[in-house]
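Here is a friendly walk through the structure shown below. Keep the 3D view open as you read, and follow the strands along with the text.

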Amino acid sequence: RRDLPTYSAEEVSKHTNRESGIWVTYGIGVYDITNFISEHPGSKRNIMIGAGAAVDPFWHVYQFHKEAKILKLLEEFRIGNLKPEDRTSIDNQGNPYSNEPERNPEFIVRLEQPYNAEPPLSKLVENFITPVELFYVRNHLPVPNIDIKEYELEVEIESTGKTKTFSLNDLKKKFEKTGVVAVVMCGGNRRSEMNGVKEVRGLAWSGAACGNAVWTGIRLCDLLSAMGVKSDESSHVILEGYDRDPTYTPYATSIPLSKAMDPRGDVILAYEMNGEPLTRDHGFPLRCIVPGVVGARNVKWLGKITISKNEAESHWQQGDYKAFSPSTDWDNVDFKTAPAIQNMPVTSAICSPNPNDHEIKIVDGFMEVKGYAYSGGGNKIIRVDVTYDQGKTWHIADLQQLSDGENVSAGRHYAWTLWTIRVPIEKDQKYVEVWSKAVDSNYNCQPETFKNTWNLRGVVANAYSRVGVNLI
Ligand code: MTE
Ligand code: MO
């Protein structure tokens with residue numbers, strides 16, 4: 001690349017629009033990405049942040065860019081080299097990932113930085129309440145390091161301009177302590193199965209990007225009521241984290257105010273997970289738990305709550321966590337045309353056995369199959385059907401779930417259901433394929449295949465779970 005012209009950083013900085021061309025630098029290279037802008041999967045707005053400047057600091061945070069495929073694509077846009085004295089040293093920029101917490105070495109890591117990992121599927125269903133160390137971690141940015149002595153939650157009501165800040169102790173003192181057993185499930189859970197139909201973009205999660213924990217804290221509706229907020233159908237609660245991108249923009253998303261104000265919605269600001277203070281990876285010191293709703297809205301390291309007439313303007317609300325028709329692709333997708341995912345659809349997953357298990361146990365001619373089932377919006381799982389002959393006969397699994405009246409009431413089934421079934425195995429049988437499908441209290445059930453529910457981001461991947469295992 002020595003034959004290419006040399007540009008100064010100043011020259012590059014003048015190229016920030018279509019007329020002049022949009023230039024960026026990466027390492028020592030100068031690139032004209034004008035024609036790539038509209039194809040950038042992370043939205044046009046995101047890529048424009050880097051216009052006329054070095055993308056290195058951004059890619060330091062969004063490390064998935066440093067993939068061979070993407071670097072090769074970038075080289076196609078190479079127009080020159082940066083003047084030696086203008087080359088920023090990556091080492092000088094500081095590593096935003098130098099202060100990450102320790103993690104469970106058993107985790108299957110889908111991305112190291114930012115950290116994204118899930119436990120082995122078969123471990124996930126060993127406990128009705130997922131232990132913290134087996135609860136998947138999904139971070140979009142470096143984990144903030146929050147000093148509890150300095151921690152503040154700011155609450156703002158846009159319409160009146162009223163704002164108030166609280167320390168964690170203020171919240172604990174002022175509002176009643178309460179808890180909920182709830183699933184947090186990533187919108188991309190089971191994405192890798194959908195990828196089998198046709199490539200989708202996103203982390204290759206199997207079915208363990210979810211967990212079921214006891215969350216303890218205060219009711220968001222208590223806090224908002226104390227600030228004079230009345231429920232209305234047209235407002236939103238914007239939730240911002242303390243984790244920030246290189247432009248100092250925090251992670252943010254929103255939920256409808258009606259969900260937050262509904263006492264049966266069980267939305268809480270949690271400071272404990274399974275009876276212990278939150279760990280850094282799960283949002284220390286405070287996170288929002290929005291039961292029944294996609295993981296992305298369960299904002300960790302909660303820094304600010306805004307009551308607004310509008311949804312969050314963030315990329316995570318507007319440009320992601322939305323599903324489209326199977327015929328919508330990256331060249332014709334318009335994220336404005338789909339609503340943000342809130343309640344999750346019904347799903348189930350076979351967790352044990354799974355094809356990665358080394359040994360399949362057959363006891364007295366039966367193989368035990370275990371999994372979870374869950375539906376968003378507080379809907380109860382009423383049945384899990386299992387077949388081991390491609391749907392010729394269906395068998396009903398035994399369910400383990402919180403019972404109505406005792407610990408939960410109708411419409412507030414925010415925990416998952418674990419299920420088990422014994423599958424008969426013939427003496428010399430070499431292979432068995434098991435399918436599961438769950439039915440919820442609305443009699444919604446899972447689609448049969450991923451083919452007709454495929455979407456380009458691989459979200460809400462909830463088709464039948466199918467697992468084939470070799471028996472010898
Ligand atoms: N909150 C903040 N502040 N930053 C994040 O990156 N990730 C979201 C959500 N809350 C995220 C966040 C996503 S996409 C998911 S699926 C869940 O947190 C994951 O929660 P967990 O890491 O505790 O399992
Ligand atoms: Mo997620």
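## A hairpin to begin with

In this predicted model, strand β6 (residues 108–111) pairs with strand β7 (residues 116–118) in the antiparallel sense, over three bridges. Four residues form the hairpin that joins β6 to β7.

## The whole protein

Stepping back, the protein has ten helices and 26 strands. Its radius of gyration is 24 Å, close to the 23 Å that the globule rule gives for 472 residues, so the protein is as compact as a globular protein of that length. Taken along the principal axes, the box filled by the C-alpha atoms is roughly 75 × 60 × 40 Å. Of the 472 residues, 42% are buried. Among contacts with a separation of 6 or more, 69% are between residues 24 or more positions apart.

## Two open sheets

Strands of a sheet pair through backbone hydrogen bonds, either parallel or antiparallel. One open sheet here has four strands in the order β19-β20-β24-β23, with antiparallel pairing. Its edge strands, β19 (347–352) and β23 (398–400), each pair on one side only. From one strand to the next, the twist averages 30 degrees.

| Strand pair | Bridges |
|---|---|
| β6 (residues 108–111) and β7 (residues 116–118) | three bridges |
| β20 (residues 366–374) and β24 (residues 417–424) | eight bridges |
| β25 (residues 431–440) and β26 | six bridges |

Ala373 stands opposite Thr417 in β24, while Trp435 has Arg466 in β26 as its bridge partner.

## Around the ligand

Which residues come nearest to ligand 1? Of the 19 residues around ligand 1, these are His140, Cys186, Gly241, Tyr251 and Gly295. Strands contribute to this shell too: β8 (137–138) and β13 (236–244) each supply at least two of its residues. Sorted by class, the shell around ligand 1 holds ten nonpolar, six polar and three charged residues.

How values were computed: Residues numbered from 1 in each chain as written. Chains lettered and ligands numbered in written order. Predicted model: local features only at pLDDT ≥ 70, side-chain atom pairs only at ≥ 80, totals over all residues. Pairing = 2+ DSSP bridges. Near = placed C-beta within 6 Å. Nonpolar A, V, L, I, M, F, W, Y, C, P; charged D, E, K, R; others polar. Axes fitted to C-alpha atoms, helices over the stretch in contact; angles between N-to-C directions. Rg over C-alpha atoms; globule rule 2.2 N^0.38 Å. Buried ≥ 20, exposed ≤ 12 C-beta atoms within 10 Å, placed from the backbone. Contact = placed C-beta atoms within 7 Å.
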